[in-house]
Every structure is written in structure tokens, then in C-alpha cells.
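Biologist: I would like to learn how to read the pockets, cavities and strands of a model. Please start with the terms.

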Amino acid sequence: MRFTLHVWRQKSASDSGKMVRYEVDGISPIMSFLDMLDVLNEQLITRGEEPIAFDSDCREGICGTCSVMIDGVAHGPMRGTTACQLYMRNFRDGQEIWVEPWRARPFRIIRDLVVDRRSLDRIIEAGGYVSVGTGAAPEANVLPVSKENAETAFQAATCIGCGACVAACPNGSAMLFVAAKASHLARLPQGQPERTRRAILMVEQMDAEGFGSCGNHFDCEAVCPKEIPVQFIAELNRDFLKAALTSREFRMVSTPIQIEE
Ligand code: SF4
Ligand code: FES
């Protein structure tokens, strides 16, 4: 197979950057999108040109580093699929494809398709963990977790922190990421003591990093390679509101609202 690629090239954060057209051939349908970029880079190096910088690590859909917009869609056209697991058989021979980095204010471009996503790490550092002393591992049956909660916590925990939800959101919101990380702990007994505090701290850090707020567009859910549902955003909003209502500062300036348990 052969393709015409239009790839965003940018030497550094301060460079203005531009789309550059490339022809690549000798691509097998069983190659992944990243394999295809590898082939293009080999051809560029052979010609003495600068290879295209892009992120990757596991190449099996679990690390979340392969962050590229393909034809304007985060991770490309296949639902529930990372760019590293997107195979070239899903494209037409001879197709033109546009490849760009994640575009969101908190994701500074480092080079070409590589962006700085440490803002997501800082949101986790702000509260996405259990810090209370839990002692030695208890006997498993002492701390029962319902099947529904175990499965929902696991579903939230499948978030790979790729940032596609941010890149797809017209507001550049990280709410799906934050909600997945918070709900993963909120569904387990160990996550209860700090549950509402965690919601406040993570949302505050999200705001401080410059991410936008959720506008219920649901573009995040559409592109999430792990198909994290927006239901988790509703759960995070509920925890955040409960925390705000019980804080002294909030009670002084607001009319109390009843929250159903
Ligand atoms: S919620 Fe989905 S799209 Fe967002 S960071 Fe997690 S895995 Fe990626
Ligand atoms: S390279 Fe790890 S998820 Fe794509």
C-alpha cells in the first residue's frame, strides 16, 4: 500500500510549525499506524532528512503515549482503538491522511507530534491516590466489594491517561480523565476516607493547569480508546458538589441544596 501523508512538523515549542506532505510506500495492511510512521522515518533518514518525532512505548494499547490526531480524530477513525493498534488495512490504498499532535493549551508541543502531558500527572499528584494508612493486606473476604463496584472500578481503572479526551473536547477539558481516576478509587472501600477531598483537589488542579470545563459535548467518550463512559463525570460532579456543600466557606455564601444519598 502507499499513502500521501500531511504531517505536522514543528522543531520546538517556539517554532510556528507547518504541515508537510510526504509520500510513503511499501506499507503492509497488517502494519499499525505507528509502524507506517517508522517506515516513513526510515525513508526520511535514508534521504538525509529529519525523522518525524512521535511518542510510543508499549504499542499494545496500554501505556497511552501514542497521542496523534489522524484525519482530525484523536487516535484515528476506529472506535475504542489507540493509534498503535490502528492497522493500515482500515485505510484505502492511496489515501491521503492528515496527522497532527494533540491540540490543547495545557499540552505544550515539544516537537512534531510529541506533546508535554505532565499536566495530567500533576492532577494525579494533587489527589488521585489513597494516602491513609491501610496497614498490612487484610484477608480478602474481610473487606467485601460488590461485583458491580468491582467491575465499575475496574472499568474506570482502564484509563491509560492518553489525553485523547482533552484533545477531542472543544473546551479542552480533562474531565473524563479526572473522573475515571477519581471513580476508580471512589468505588472501592479504600478510597472512601478521602473521596470528596480527592474530588476537590483533582478538579482544582485541573483548573490550575488550564484545562476547560465540561460542556457535555461527549466528544471525549467518542474518542476514548478504553471507552470510558461519561457517567463517571456525573459521579465526579456529585462528589465535588457534596464536598463543596459541606465546606464552611461554601456554606457561608450559598443556599444549601439537598443531595439524595
Ligand atoms: S479517559 Fe480515555 S481518552 Fe481520556 S485519558 Fe483516559 S483513556 Fe485516554
Ligand atoms: S504505544 Fe502504548 S498505548 Fe499506544
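Modeller: Start with residue classes. Ala, Val, Leu, Ile, Met, Phe, Trp, Tyr, Cys and Pro count as nonpolar, Asp, Glu, Lys and Arg as charged, and the others, Gly among them, as polar. By that scheme, the lining of the second largest pocket has five nonpolar, three polar and four charged residues.

Biologist: What kind of model is this, and how are residues numbered?

Modeller: This is a predicted model: local features need pLDDT of at least 70, side-chain atom pairs count only at pLDDT 80 or more, and totals for chains, interfaces and linings use all residues. Residues are numbered from 1 along each chain as its sequence is written, chains are lettered from A and ligands numbered from 1 in the order in which they are written, and side-chain values use heavy atoms, with hydrogens and water left out.

Biologist: How do I tell a pocket from a cavity?

Modeller: Both are found on a 1 Å grid over the protein atoms alone. A cavity is a set of points where a 1.4 Å probe fits but cannot get out. A pocket is an open set with protein on both sides within 12 Å along at least five of seven lines. Lining residues have an atom within 4 Å of a point. Grid points are joined across faces, edges and corners, and a volume is the space filled by probe spheres set on the points.

Biologist: Which residues line the second largest pocket?

Modeller: C63, G64, T65, R117, R118, L120, D121, I124, I160, G161, F177 and K181 line it. The second largest pocket holds about 170 Å³ of space. Helix 2 gives the largest share of its lining, four residues. Helices here are DSSP runs of H or I, at least four residues, and strands are runs of E, at least two, numbered from the N terminus.

Biologist: What surrounds ligand 1?

Modeller: A residue is near a molecule if one of its heavy atoms lies within 4 Å of it. By that rule, the shell is C159, I160, G161, C162, G163, A164, C165, L176, F177, C224, P225 and I228. Ten are nonpolar, two polar and none charged.

Biologist: Where does ligand 1 sit?

Modeller: A molecule sits in a cavity or pocket if more than half of its atoms lie within 2 Å of its grid points. The space that ligand 1 takes is the largest cavity. That cavity has a volume of about 80 Å³.

Biologist: And the largest pocket?

Modeller: About 190 Å³ of space lies there. Its lining has one nonpolar, three polar and seven charged residues. Among them are R9, K11, D15, K18 and E50.

Biologist: How do I read the strands?

Modeller: Strands of a sheet pair through backbone hydrogen bonds, either parallel or antiparallel. Two strands pair if DSSP finds at least two bridges between them. Here an open sheet of five strands has the order 2-1-5-3-4, with mixed pairing. Strand 2 (18-24) and strand 4 (73-74) are the edge strands, each pairing on one side only. Strand 1 (residues 3-9) and strand 5 (residues 96-101) run parallel over four bridges.
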